[in-house]
Amino acid sequence: MAAPTTLSNGDVDRYMDQLMAENCKPLAEDEVKQLCDRAREILTEESNVQGVSCPVTVCGDIHGQFHDLLELFRIGGTCPDTN
């Protein structure tokens, strides 16, 4: 397996320009992988990102709906038994 290559800001800009162009030419699979790896690098450096142990259940905002919260616990499990 080849060593990961770090994308420059110029590479990211070029990929974004390619995707946002009128004809929206798709990126090659290796370009998508590089872009995802770079996004992960950037996001993990953010101060508001917290590490969690896997597995994890992800849900959206329930807008204060108590019955929705109960349904999430019913499906995903209760705290502290699930992440």
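1. Basis. The model is predicted, so local features need pLDDT of at least 70 and side-chain atom pairs count only at pLDDT 80 or more, while totals for chains, interfaces and linings use all residues. Residues are numbered from 1 along each chain as its sequence is written, and side-chain values use heavy atoms, with hydrogens and water left out.

2. Glu 31. This residue sits in helix H2, residues 29–44. Helices here are DSSP runs (H or I, at least four residues), numbered from the N terminus. Glu 31 counts as buried because its relative accessibility is 18%; buried means under 20% relative accessible area, exposed over 50%, and partly exposed in between, with a 1.4 Å probe and protein chains only. Not counting residues up to four places away in sequence, Glu 31 touches Arg 14 and Tyr 15, where contact means heavy atoms within 4.5 Å. Its C-alpha atom is separated by 9.6 Å from that of Asp 11, 20 residues apart along the chain.

3. Nonpolar core. The largest nonpolar core has five residues: Leu 7, Val 12, Tyr 15, Leu 27 and Leu 35. Such a core is a set of buried Ala, Val, Leu, Ile, Met, Phe, Trp, Tyr and Cys residues joined through side-chain atoms within 4.5 Å. Leu 35 touches Leu 7, Val 12, Tyr 15 and Leu 27, leaving out residues up to four places away in sequence. In soluble globular proteins, nonpolar side chains tend to be buried together.

4. The whole structure has five salt bridges, each a side-chain nitrogen of Lys or Arg within 4 Å of a carboxyl oxygen of Asp or Glu. One joins Lys 33 and Asp 37 at 3.1 Å, N to O; these two residues of helix H2 are four residues apart, about one turn of the helix. Lys 33 is partly exposed, with a relative accessible area of 47%. Lys 33, Asp 37 and Arg 40 are linked in a network of salt bridges. Another bridge joins Glu 41 and Arg 38, also at 3.1 Å, N to O, and this pair of helix H2 is three residues apart. Glu 41 is partly exposed at 33%, whereas Arg 38 is buried at 18%.

5. Glu 71 and Arg 74 form a salt bridge whose closest N and O atoms are 2.8 Å apart. Both lie in helix H3, three residues apart, about one turn of the helix. Glu 71 counts as partly exposed at 36% relative accessibility, and Arg 74 is exposed at 58%.

6. Gly 76. Helix H3, residues 66–76, includes Gly 76, which is partly exposed with a relative accessible area of 23%. Leaving aside neighbours within four places in sequence, Gly 76 is in contact with Thr 57 and Thr 82. Gly 76 and Leu 43 are 33 residues apart in sequence and 26 Å apart in space, C-alpha to C-alpha.

7. Pocket. Residues lining the second largest pocket include Thr 57, Gly 76 and Thr 82, along with Leu 69, Leu 72 and Phe 73. A pocket is an open set of points on a 1 Å grid over the protein atoms alone where a 1.4 Å probe fits, with protein on both sides within 12 Å along at least five of seven lines; lining residues have an atom within 4 Å of a point.
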